[in-house]
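Colleague: I have a new model open and would like to learn how to read its features. Could you walk me through it?

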Amino acid sequence: MDTTETMFTDRSDFDYDYETLRTTGVVLAVVMFVSGILIALSKKFTKCVKSSSNSSSSGSQIPPKTEVPPQTV
């Protein structure tokens, strides 16, 4: 019985460093927020660049397809 008690130490006295956890959380939140904004803006700018380059290179524009698939019930 003594060996099982020494294998699992008592962790009730473990002290968390809440300042480090809070700082890490804030840093990760800011990094994820900024990366999300950059991803959203990069997708917006790539669409603008592609559409403007297509319209300037070709004289006639192809109208978008407006077909609607049949609905099944």
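This is a predicted model: local features need pLDDT of at least 70, side-chain atom pairs count only at pLDDT 80 or more; totals for chains, interfaces and linings use all residues.

Colleague: How do I read the contact between the side chains of Arg22 and Glu19?

Modeller: The general idea is that side chains of opposite charge can pair when their charged atoms come close. Here, a salt bridge joins the side chains of Arg22 and Glu19, at 2.6 Å from N to O. By the rule used, the count comes to 1 salt bridge.

Colleague: Are Arg22 and Glu19 exposed or partly exposed?

Modeller: Exposed means over 50% relative accessible area. Arg22 has 52%, so Arg22 is exposed, while Glu19, with 45%, is partly exposed.

Colleague: What share of the protein is buried?

Modeller: Buried means under 20% relative accessible area, and 0% of the 73 residues are buried. The protein's accessible surface is about 7600 Å², with 65% of that belonging to carbon and sulfur atoms.

Colleague: Which residues form the nonpolar patch on the surface?

Modeller: The patch consists of Val26, Val30, Phe33, Val34, Ile37, Leu38, Leu41 and Phe45, with about 770 Å² of accessible area together. Take Leu41 as an example: this residue sits in helix 2, residues 18–57, and is partly exposed at a relative accessible area of 37%.

Colleague: Which residues does UniProt list as "transmembrane region"?

Modeller: The unreviewed UniProt entry lists residues 20–41 under that name. In the model, this span is 100% helix and 0% strand, and its end C-alpha atoms lie 32 Å apart. For the protein as a whole, there are 2 helices and 0 strands.

Technical notes
Residues are numbered from 1 along each chain as its sequence is written. Side-chain values use heavy atoms; hydrogens and water are left out. UniProt positions are given in the numbering used here, feature names are shortened, and annotations may be inferred rather than shown by experiment. Helices (H or I, at least four residues) and strands (E, at least two) are DSSP runs, numbered from the N terminus. Buried means under 20% relative accessible area, exposed over 50%, partly exposed in between (1.4 Å probe, protein chains only). Accessible areas come from the Shrake-Rupley method with a 1.4 Å probe; for residues, only the protein chains shown count as cover. Patches are made of residues with over 30% relative accessible area and no salt bridge: like charges are joined within 9 Å, nonpolar side chains (Val, Leu, Ile, Met, Phe, Trp, Tyr) within 5 Å. A salt bridge is a side-chain nitrogen of Lys or Arg within 4 Å of a carboxyl oxygen of Asp or Glu.
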